[in-house]
Amino acid sequence: MSPDVMIYNVLCLAVPFSVAILIAALGENFNQRAGVFNLGCDGIMCMGAYVGFMLPYALKSAALAPYGNVLGLVGAMAVGAAFGLLFALVTVTFRASQGIAGIGLQMLGWGLSGTLFRHFVGGVTGVEGIQVWPIPYLSKIPFLGGVLFNHNPLAYVAFLLVPASWFLLYKTPWGLKVRAVGTHPRAADTMGIHVDRTRYQALALGGAMAGLAGAYLSLCQAKMFSDDLVAGRGFIAVALVYFGRWSPLGILGGAMLFSIAQSFQLSMQVWGIKFPYEFAVMLPYVLVIIVLALARKARQLGPTDLGKPYNREMRF
Amino acid sequence: MNKQKVIFGGTVIIAVSLVAALLVALVLLAIGASPLATYKTILTGPLSDLFGVTEVLVRSVPLLLVGLGIAISFRSGILNIGAEGQIQMGVLAATATALALPHLSKGFLLPLVLLAGALGGAIWGGIAGWLRARLQVNEILSTVMLNYIAAQIHTFLLRGPMLDPNELETGSGTPQSMRLPDASFLDQIVPGTRLHTGLILALVAALLVWVLLWKTTLGYRMRAAGAGAKAARYAGIPVERYLIIAMLLAGGFAGLAGAVEVTGVHHRAIEGISSGYGFAGIVVALFGMLHPGGIIPSSVFFGILLIGADMTQRSARVPANMVLVLQGVIILAIVSGQSFLRNPYAQERLMRWLAGLAPWLFKSKKGVQP
């Protein structure tokens, strides 16, 4: 196999891998920009994956069947937003420690999706899911067409979300509010911005995006659901936000780096290069740690009040 | 003041349990199970006979050890989510040691194996501690990633280098290590059951952790680093060093839990040996208010929950994942409740209310002093 074909294959495979972590990380970016560190992202993705799978599965023979997939995506986003609001209740209203609360939310989402799935479905069942949709004409471009324009519709959505979330964060009043409450909530409060309300909104949006990311995994990628479908991608998404220095473009770069690493690892197995399978699976997780260690200087660029509950009654 | 704190803490824990139970009841209703019947099975089922009681204690031993380690790390201001991976590294280290030295006498081998397990976990925890202290890597993310990495190492070794040769011969290929030499086993306490002397070990460990945290300089400094890193630094405490020590200890306890599981229960390394103890340990520690005196009863309580959940899966067809839901809800409820614990006004209001309700609680004091 010639090297350019190998590169082509790796890149074609990398794009689908990046979609879920990209959407989830862009959502987590809103949370963190608003000053809330949502580690429950992984659990929300589990719930999104479950709902995204369950609605089309349950509606298979109903009159709504043609809309099953769309309803699945919408349902996943709604459940994600609900979980985001639950997290907001715990961390914004009750001012709980965000790190521990996030782990609680992760367990809740993971356990709940597994419980509901075992009760309502049971074994391994597939759904038709959302198929790949090559963009007419564009997908015929040699090399680039296959890499960029021959994917699942949600992949295009994910890439459009990058400029969209940049615009939302930097060019709208709401984005300014989000960045303000994450950087200096007291100043924002003094200027009449509702700190708690803005954080609630950001968490709902981030949750909805995490739910969508989960639905992509079940509905578009695996076309089924299982307990370990998400496999820590939510945590990787959180790490990507650090790596991407809280900017949508940086997050896109991080997501691509990870997915290229992952598709390279898979391709190596296809090419027959001997490498213990377990070590290959381990690779992205090792990469996260290395990346976090290297990205430590980026901390100054981030929201300075990240992880700190805001209490307007507190002096000092 | 101390009595007030205990009463207040207890009230919050009870309130938290009720809220959590109510929320989970909603989930149970959603999957068509009767909440009352399910709770009854979970809470009374495991305690209906001697065997059930010993099984509960068998589960509570690793929970107690892991919970102690997590309490140390949380008290020191470092959130260790990596107990699951630390347990697995402890399992591997203990198994390798026992298999490498089969001819040692029990007096040498058993302590050595337990020590090796603790060391394996300590190294795994220490990595995260070092990364946090020296490179400011968020410890939650690094420990979560180390969990996934440890799980893969565990699988790799059990399917490859450490696989029992018998499994290859018979061709069944169950990923497990060879059976450990008898000299490395923990003795049974009650003959005919799986209850082993690890229970005593864990209780002694709880006492030691209490002494460490509240009666030694080291413990004082770790708690100071956790309560306010900035203030501790002004007082001349090298906070980073104590973060690493806390993670070494936390990992060590988790690794010890793994070694105890190997030498006391399974007698070989198997897949899924940590069975969620690492995550349950977080809930155990939080539910026990991060104090050994609370973690001991809390570990027994969660032992009951784990066994009870298995029973409901069989009798009431409630999937055992339900335990994860329960744990998640309890964590969320506890951390929410802690904002009331930290709020002196809420404490004052509650104490007034309680004082009106039960004057005998406060007979020793004149009035209520918040």
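How many residues of chain B are in contact with how many residues of chain A? In this predicted model, 35 residues of chain B are in contact with 39 residues of chain A, contact meaning that C-beta atoms placed from the backbone lie within 7 Å. Local features need pLDDT of at least 70 and side-chain atom pairs count only at pLDDT 80 or more, while totals for chains, interfaces and linings use all residues. Residues are numbered from 1 along each chain as its sequence is written, and chains are lettered from A and ligands numbered from 1 in the order in which they are written.

**The side of chain B that touches chain A**

- At least two residues of this side come from each of α5 (106-135), α6 (139-159), α12 (277-287) and α14 (322-342) of chain B; helices (H or I, at least four residues) and strands (E, at least two) are DSSP runs numbered from the N terminus.
- Helix α14(B) provides the largest share, twelve residues.
- By type, the side comprises 24 nonpolar, eleven polar and no charged residues; Ala, Val, Leu, Ile, Met, Phe, Trp, Tyr, Cys and Pro count as nonpolar, Asp, Glu, Lys and Arg as charged, and the others, Gly among them, as polar.

**Chain B overall**

- Chain B contains 15 helices and zero strands.
- Of its 370 residues, 52% are buried, that is, have 20 or more other C-beta atoms within 10 Å of their own; 12 or fewer counts as exposed, and in between as partly exposed, with C-beta atoms placed from the backbone.
- Among contacts in chain B between residues at least 6 apart in sequence, 76% join residues at least 24 apart.
- B:Gly160 lies in the loop between α6 and α7 (165-170) of chain B, and counts as exposed because it has 11 C-beta neighbours inside 10 Å.

- Helix α9 (residues 195-222) of chain A has 28 residues and reaches 39 Å from its first C-alpha to its last, close to the 40 Å expected from 1.5 Å times one less than its number of residues.
- Of the 28 residues of α9(A), 24 are buried, so this helix is largely enclosed by the rest of the structure.
- A kink of about 30° in α9(A) is centred on A:Tyr216, the bend being the angle between axes fitted to the seven residues ending there and the seven starting there.
- A:Tyr216 is also among the residues that touch the most other members of the largest nonpolar core, which has 222 residues; such a core is a set of buried Ala, Val, Leu, Ile, Met, Phe, Trp, Tyr and Cys residues joined through C-beta atoms within 7 Å.

Key:
Contact = placed C-beta atoms within 7 Å.
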